[in-house]
Amino acid sequence: MIRPTLIFIILAFTLSTLTVQADSWVDPNWKEMIDSSDVIALVEYTSNGDFRAKAKPITIYKGQLSSGEIWISGFSNRYGPIDKMSIGDKYIVFLNYNKPTDRSLEYWQEQIKEEPELTAYYEALKAGNAYYVWSPTSGDLKVEGGKVQYDLLQTSYYNNQEFYPLAEFEDFLKATTKKKSAKFHKEILKKVNVDATKDNSAQHLMMLHLTSFKTYHPIFQVIADEQKPEACYALAQLLGAIKGEKSRNILVQLLHNKNSIVQGEVVRQLSNQDPSFIGPILLAHLDSAGEGGIYPSNLMDPVMNRVDGGKIEIIKTLGKLKYKPAAKALLPLLETEDAHLFELVVNVLIELGNKDFVPYINDHLKKRTPSLLFKICQLITDHNLTACKPALMEFISNHNRNDHPSYEYSISSFMGLAHFDDQETRDFLLKDFENLLTNQEIESGKLNDWIREYIETFKDLKSTEARPLIYKSLFKWFGFNYDFALHPELFEIKRKIENSISQKAQAILSGNGVEEIQTIVFINNTEEFGKNFSPSYYPIILIKLDRTELNPEGNNEIWAVLKNVQEKLSKELTIPMEQISSKSGSYIHNLDDRFEGQIDWSPMNMFYQYAKELPNENDLLFLKSLKQSGFAKDDFDKKQLDRAIKEIEVKLKK
C-alpha cells in the first residue's frame, strides 16, 4: 500500500525545517492538551532563548501561576525544530508543571558547572516556577496583531499555518472550562451557518466539538453535501458525539467522501454502532475506500502521529466488531506486498476466528516476497502458526543466502523457526547449519551474520548437539578448531605459515606500493597432528596498498591497480583469485570480512555466549588456549575473553 502525500494541507505534517535528528514524540490531540494542561495562558516573553526563556502571564485561561514571571521550555528540540523566543514575543501556551525532583535538581546543578548562565532557570525550577509546553511542535500558538496561529484539526504546527481572531479563540478557551456554553455555541453556530461552504467552517465545527456541543443542526447536512475535506473531517468528529439517527445517517453518507482521511474519521465515529447495522455498510465500502493516511513523512520526521485512512480503519473496525462475514472479503487483501496492511489483515482474521490466511503466508514464503518476510516471521511466532512451519523450513533451506537484507532472523527462537523447539526443528537446524558451512557461494559478510545467528539460536535452545558444528564454523571463520586446544603447537604452526606467505607476497609485490599483507591460513588436517605432522592448508590473503603512493588519475585506475596486484599474486603463488582481496583507503576489491578483525561482531563473540550458557571443560580449554595464543589483541577483546573464561570456571565449580 502506498503512503501518499497528504491530501489536504490542513492535515499535513510539513515540518520541512527539521534537521537530521534522533528524538521523536507524539503530539497530543486538542482535547488531551486542553484537559490535561496545568496552565493555559497568554504570555509575553521577557528574555531571549532557544530552549528555555522567561515569560510573564498576560491572561490565564486555566489554572494558576504563583509568580509574575515563569520559565518556559520544551518549545525546541536539540535536533530540530528549534524555535528562538525573543523579548516581546506573545504566545498562547499550554503548560505542564515542571516538578522539581531531587534528580532533576541534581542534573541542573551539574549543568550549571559548565553553563553558569543556567542558574536563573535552576532557581525558578527549584521555586516551582518552571513549566514546559507539550512538544517542540505543539502547545504554543503565536500571537500577532490581534490574531493567533492555530489549527483545531491537529495540534502539530506546520508551515504557513493560518492566523485567526484572538478574541474568538479566547472565548473558545473559556468555553472549554465551563459545563454549559450555550451562548458560545449560539455564536459559533451563526458563524457555521455563514461559512458552511467555506474552508474555515472546519475550525468552528471543531470549536463546537471541543466544547461538548451535542445537538443536531440542519446545517450539518449542508456541510456534508459540500464534501469539503477539512469541514467534513471536523463534522465527523462533531457528529460522533451527537446521538440520533440524523447524525448517524450523515456519518454513513460521509463514507462516500472522496478523501481517505475523512473516511477514516467517519469509520472511527461509527465503530460504536451495532455490528449488525454498521458491519454490512463498512464491508460494502471496503473495496472503494481510500488507502491514504497521515504518517511520519520519513525516517527523520520526529512527529510520530499516525492517522489511518478509510480502508485501514474499516479493516480494524470489522475486527473490533467481530463481524465474521468480513473474512471472505479480507482474504484477497493478503495478496498485497505492503507489510503493514498484511499484518493488519492477518490479525483481524485471527480476531474473527478465521485461519484461512495460512495459505497466503505460505505462498509469500514460496515467492520470497521481500517486503513481507520479516513481518511473516513475526506473525508465525507470535501466533504459533505450526501450519506455516514446512513453508518456513523450505524458505530457509532454499532462498538465496546472499539476499539483501539477509533473513537470518528466520531461524531465531524469538521470531523464527527455533520458536517451535521440537525434535523436527532441532534436526532441521543442525542439518541446515551443516549445509551453510559447506556453501561456497555465500558472501563472507552474510556468512558471518548466519553463523552468529545459528550459534545464538543453539545457545537459546541449549543444544549441546550443535557444539561440533559450532567449532566447524569457528574454523571456517578464524582457522581455529578444538584440535588447537589439544595441541597448542598448532597456533605457532599456523602463525609461521601465515607469516611466510605474507613475506612471499610482500616480495612479489615489491614496488607496487604495498602497505601491508595479511594472511589467514586454514589447516585442513589438524586431527592428524603428531611427530611428523605435515600441514595441508589453504590461505586467504588481503593486500593493502598505500593510497598516497598510487597517484591514479581516476577511480577506474584505482580499481585496475587493485585487480592487477591480485592477479599478479594469484599467478605467482598459484592461489585462486577468489582467495585474494585488495584495498586502498576506501577502495575495496573482493574484500573478505574475515579480515575485519572485530571479535565483538564475529562468530567468536557469539561462541563466548554459547560457552557461558552451556559450560563445558573442552570449551574452557579451548578459550584458555586462545588466550595463551594472543588471539585477543586489544584491551576490550582481552576483557571479553577473560570474562568468558572466569564465568565458565565459576559455573563448572558449582
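**Stop 1: α18 and α20**

Select residues 423–438, helix α18, and residues 467–478, helix α20. In this predicted model, the two helices pack at an angle of about 20 degrees. Their axes lie 10 Å apart. Angles under 35 degrees count as roughly parallel, so α18 is roughly parallel to α20. The crossing of the pair is left-handed.

Now show side chains. On α18, pick L430, F433, E434 and L437. On α20, pick L469, I470, K472, S473 and K476. These residues make the contact between the two helices. By class, five are nonpolar, one is polar and three are charged.

**Stop 2: α19**

Move to residues 444–460, which form helix α19. This helix has 17 residues. From its first C-alpha to its last, α19 reaches 24 Å. That is close to the 24 Å expected at 1.5 Å a residue. How many of the 17 residues of α19 are buried? The count is 13, so α19 is largely enclosed by the rest of the structure.

Step just past the helix and select K462. Here the backbone takes a positive phi of about 55 degrees.

**Stop 3: α7 and α9**

Next, select residues 219–226 for helix α7 and residues 245–254 for helix α9. This pair packs at an angle of about 5 degrees, with axes 10 Å apart. That angle makes α7 roughly parallel to α9.

Which residues meet here? From α7, look at F220, Q221, A224 and D225. From α9, look at I250, Q253 and L254. Colour them by class: four are nonpolar, two polar and one charged.

**Stop 4: α10**

Among the buried residues are I261, V262, V266, V267 and L270. The buried set also includes S260, Q263, G264, E265 and Q269.

To see what surrounds them, show α8 (229–240), α9, α11 (275–285) and α12 (310–320). The buried residues of α10 pack against these four helices.

**Stop 5: S201**

Finish with a single residue. Select S201, which lies in helix α6, residues 201–210. Its relative accessible area is 0%, so S201 is buried. Which residues does S201 touch, not counting those up to four places away in sequence? They are D195, A196 and A231. Show these three beside S201 to see the contacts.

How values were computed: Residues are numbered from 1 along each chain as its sequence is written. This is a predicted model: local features need pLDDT of at least 70, side-chain atom pairs count only at pLDDT 80 or more; totals for chains, interfaces and linings use all residues. Side-chain values use heavy atoms; hydrogens and water are left out. The expected span of a helix is 1.5 Å times one less than its number of residues. Buried means under 20% relative accessible area, exposed over 50%, partly exposed in between (1.4 Å probe, protein chains only). Axes are lines fitted to C-alpha atoms, for helices over the stretch in contact, and angles run from 0 to 180 degrees between N-to-C directions. Angles under 35 degrees count as roughly parallel, over 145 as roughly antiparallel, 65 to 115 as roughly perpendicular and the rest as oblique. A crossing is left-handed if the near helix is turned anticlockwise from the far one by less than a right angle, and right-handed if clockwise. Contact means heavy atoms within 4.5 Å. Ala, Val, Leu, Ile, Met, Phe, Trp, Tyr, Cys and Pro count as nonpolar, Asp, Glu, Lys and Arg as charged, and the others, Gly among them, as polar.
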